[in-house]
Amino acid sequence: MQDGWERRTPFLHLTADELTGRLQRAIPGVRVRSAVPLTNGLRNSTYRAVLLGLDLPVAIRVYT
């Protein structure tokens, strides 16, 4: 249904430290070890991130 659609807002490029700062509002003490942008979305900015203390990666979506 979204074939041919264009992204309306630019991707929000954030560092691991910037993502950590945003996450700590919801999860105090959390720390992002590494993050890779997933740029195929149309609206939000999403990252595949590894958090300190967790073995499996998580998805972090930053709503715009």
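Which residues is Ala49 in contact with, leaving aside its neighbours within four places in sequence? In this predicted model, the contacts of Ala49 are Val32, Ser34, Ala35, Pro57, Val58 and Ile60. One of these, Val58 in β3, stands opposite Ala49.

## The sheet

Three strands, in the order β1-β2-β3, form an open sheet with antiparallel pairing. Its edge strands are β1 (32-38) and β3 (58-62), each of which pairs on one side only. From one strand to the next, the twist averages 35°.

Between β2 and β3, which run antiparallel, there are 5 bridges. Strands of a sheet pair through backbone hydrogen bonds, either parallel or antiparallel.

## Helix α1

Helix α1 covers residues 16-23 and lies across β1, β2 and β3. The helix runs at about 100° to β1.

## The nonpolar core

The largest nonpolar core has 11 residues: Phe11, Leu14, Leu19, Leu23, Val30, Val32, Tyr47, Ala49, Leu51, Ile60 and Val62. At least two residues of this core come from each of α1, β2 and β3. Strand β2 gives the most, with 3 residues.

Ala49 belongs to this core, as do two of its contacts, Val32 and Ile60.

## Thr46

Thr46 is located in strand β2 (residues 45-51). Its relative accessible area is 15%; buried means under 20%, so Thr46 counts as buried.

Not counting residues up to four places away in sequence, Thr46 touches Phe11, Val36, Pro37, Leu38, Ile60 and Arg61. Among them, Phe11 and Ile60 are members of the largest nonpolar core. Ile60 is also in contact with Ala49.

Definitions and conventions
Residues numbered from 1 in each chain as written. Predicted model: local features only at pLDDT ≥ 70, side-chain atom pairs only at ≥ 80, totals over all residues. Heavy atoms only, no water. Helix = DSSP H or I, 4+ residues; strand = E, 2+ residues; numbered from the N terminus. Buried < 20%, exposed > 50% of the residue type's maximum accessible area, 1.4 Å probe, protein only. Contact = heavy atoms within 4.5 Å. Pairing = 2+ DSSP bridges. Axes fitted to C-alpha atoms, helices over the stretch in contact; angles between N-to-C directions. Core = buried A, V, L, I, M, F, W, Y, C linked by side-chain atoms within 4.5 Å.
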